Amino acid sequence: MNVLDCVEVKMHFPVGKRALLHAVDDVSFSIGEGESVGLVGESGCGKSTLVRLVARMLDPTAGDIIYRGRNIGFIPSRSFAGTQFRRRIQMVFQDATDSLNPRHTAFDAIAEPVRRLGTAGNLAGQVVDTARKVGLPEELLPRYPHQLSGGQKARVGIARAIVLQPDLLVLDEPTAALDVSVQATILRLLAELKASLGMSYLFVSHDLNVVRMLCDRVIVMYLGRIVEQGPAEELFLRPGHPYTRALVNAIPSIGGRPADREVLHGEPRSPINPDPNVCRFFGRCPEQRDRCRKEAPPLRQVRPGVQLACHFA
Amino acid sequence: MNAATLRHVRYVATQNPVTLAAFLMFTALVLLAIAGPWIAPYDPLASDTANALKPPSARNWFGTDSLGRDILSRIMVAARLDFGIAVSAVAASFAIGATLGALAGFFGGWADRIIGRIADTIMAFPLFVLAMGIVAALGNTVANIVLATAIINLPFYIRVSRAEVNVRRNAGYVEAARLAGNSDLRVLALHVFPNVLPPMMVQISLNMGWAILNAAGLSFIGLGVRPPQAEWGIMVAEGATYIISGEWWVALFPGAVLMLAVFTFNLLGDGLRDVMDPRMRT
Amino acid sequence: MSLLEVRDLSLEFRTRSGTVHALEHVNLEVAKGETLGIVGESGSGKSVLCFAMLRILDAAARITSGSIAFAGMDMLRASESSLQQVRGREISMIFQNPRTALNPIRRVGRQIEDVLATHSATLRDQLKPKAIEALAKVRIPDPERRYRAYPFELSGGQCQRVMIALALACDPQLLIADEPTTGLDVTTQAAIMQLVSDLARERGMATILITHDLALASEYCDRIVVMHAGHMVEAAPTEALFRAPAHPYTARLIASTPAPGQSIATLASVPGNLPDLRRVDLPSCRFQERCERALPECVTGTLPTSIADPGHLVRCFNPL
């Protein structure tokens, strides 16, 4: 049984009186036991919204969010904190500075989930244990966030997310605010923890090389829809969707610009009341043809394990 | 209060001499409020018409008023009353106003609309006139001064609290608190509100000064505290009539002490905020 | 012939908690038409260096030694009025977070007109067409309509293009780009960098690209300067820097940058933390405490400048 199944999840936000912003549209995917799934896409593609839906901090407009066979999408986000599922799905945030309460010490931050959702017996023991697991020295626990370095704050953020040993960890750009010299240590920590605690990951990052390094499968989103899904290595070596191809080629690499880098011209289409008969990528796609304007391509399986939403892939 | 907090207070006090001065003056005021009646040299209510309107001397440091009462003693005893009124009014105003504002700022929607209208209604009146109206309608008692002051200050706290909570409503640590299993109300009370306190400290302190001034103002025009009770405002009122005839001390000393008290509270606000802000802790 | 020359620049900040030795003995040269990359992590001093070049430092900053010369002009001794002639006209700068760098309550077209009015001899009735032309040059679609837009109506990428238009309105000789694509998507980044690169080549304009992204610098820069904790540790032509890095920090930085297809086991990190720049007992080489090749001289000796190859400088006692 999969840890997570999302079935045709939609998130539409009302804009003004008659318009709807389609932040997430008909997104379906699964995360298996111990699997690490990467989620990539440009800003505005809906990945932050999707991630908050999965973590049940937002309620979907439609669709099912299923955790180990149980439909948790129906539980309103307001009351989710009181259910047994809250401790099973946790999140690591992008900006550790913003996500740590400035009035709470590192100890308080890690202890909070235990106090609220766990068994508070031997609280100090649990906190110290988890701190050790993430490589946070015990003497730093009484410190406040402003007394910690970027890497240390990141560790506190991870510690508090894993202290209750969740099944699914959602990571929203966990190393984006860190210097590259510190990044590797945190990434290795995440890889180790996944193995030792048997967690599944939903890993959002704009750094595609990192996603390729840590994830088994990758989902590419564009304007609220999934445009491609497949095993990480394959997706990066042989991207099927024109957007994925542009994305992969745009990654800077030591060694100079690739000759086939295609710079995307044109503006992204509007996510407000999008025309259901036009491909979302139309207008920027280097391979667009007339058909793309008349019929939106559905997401379909082109090979085992690989899905694409394009007429011509 | 543990050792670290005390060390921090000392650090804040020494960093800024003005803050230190404010702390000291505040302490002096508090002591005066507590011990006033016992350390006053003379009975503040004892009239001695033979000694009326005597200028400051070795016997009466601040002189005597029209009924021969020692002004210094009256000022010292009045500290307790003025202080008490200010603290009660501000405490009540803060407790109710900050809570309403926090609910409005966090939950928005109907809560925000209703609470907003309440604040707007109060603010539609010139505040001092509203206070006068409340005291005049309900009766000339100290309790009603407190009530009136508390009411006219409500919108102030509602607004500040609402704005500060609103800014923090979508902070990362709020989301994290929800993920840790806190209900919305707990998130507001235990995670957001404590972060809102430091900026509110300045407001509370400024407000204390204003509350004292308000109480004094009401007494000055004859609403609220009645003679022969000693209160700074009423003493200034009594002394006002004697300025022209040359007995300047009757109004000046209570007025000066009133000014000093308000000044102290204004300076105190900044110092309090620095103490409460954990970022100042090195 | 150098367009910009920084010689032996040292700079400190006076703060309540001590003096921060932000830059020490920094040497830098930019030739006409060249693209120079300044690569460093947070706290390396790369942004401060560029603010110093334009003399737009904080009041607490003090330049304690060295010189900065732009096209022969002594930037440190120049008067504020002559500096104002240079900023925006001869040297322009674009910043990170383009939306916050633009005036939020003024239409973007007007902002471009402001620059034109101040720094060029454009006639009043020519301002609007020139502004629209500037927008078209930075490849903003539909420039007539976008001329009337406010910054909040534009995307991050479009705001950055507007900033570039502002910066290039008066055809400067040098463009300083401070992390211009941090925070932008990788596809937008590619478009913006290509735009800057094309425009620079067209006009023979020199560019300084400040970034923490080594890979980005490798793609667009002719030469790269690596900075660490206020020191310039290595400077070399791009190809040479990556083929044979001479400074241990540079080598570590390269090894910490994820490459496509790299496995996590081979990803390196740099141990330790940046030294506190307020310390009075800083070692001569500020990387000493984090370096596995450290020698006793690294603490007390005078940091040498060795020349590994022509144009390849490294400041190290024990280079690779």
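In what order do the four strands of the open sheet in chain A stand? I looked this up and found β2-β1-β4-β5, with antiparallel pairing. Two strands pair here if DSSP finds at least two bridges between them.

**Ground rules.** I note that this is a predicted model, in which local features need pLDDT of at least 70, side-chain atom pairs count only at pLDDT 80 or more, and totals for chains, interfaces and linings use all residues. Residues are numbered from 1 along each chain as its sequence is written, while chains are lettered from A and ligands numbered from 1 in the order in which they are written.

**Chain A overall.** I looked up the elements of chain A and found eleven helices and twelve strands. They are DSSP runs numbered from the N terminus: helices are H or I with at least four residues, strands E with at least two. The radius of gyration of chain A, taken over C-alpha atoms, is 20 Å, close to the 20 Å of the globule rule for 313 residues, so chain A is as compact as a globular protein of that length. That rule is 2.2 Å times the number of residues to the power 0.38. I noted a span of about 65 × 50 × 40 Å for the C-alpha trace along its principal axes. Of the 313 residues, 49% count as buried, that is, with 20 or more other C-beta atoms within 10 Å of their own, the C-beta atoms being placed from the backbone.

Strand β1 (residues 4-15) of chain A pairs with β2(A) over nine bridges, in the antiparallel sense. A:M11 stands opposite A:V24 in β2(A). Helix α1 (residues 47-54) of chain A packs on this sheet and touches β1, β2 and β4 (62-67) of chain A. Contact means C-beta atoms, placed from the backbone, within 7 Å.

**Chain A with chain C.** I found 36 residues from chain A and 34 residues from chain C in the contact. On the side of chain A, α7 (180-197), α8 (208-214) and α10 (242-250) give two or more residues. α7(A) gives the most, nine residues.

**Chain A with chain B.** I then looked up chain B, where 18 residues are in contact with 21 residues of chain A. On the side of chain B, α7 (172-179) and α8 (184-220) give two or more residues. The largest share, six residues, comes from α7(B).

Notes. Buried ≥ 20, exposed ≤ 12 C-beta atoms within 10 Å, placed from the backbone. Contact = placed C-beta atoms within 7 Å. Axes fitted to C-alpha atoms, helices over the stretch in contact; angles between N-to-C directions.
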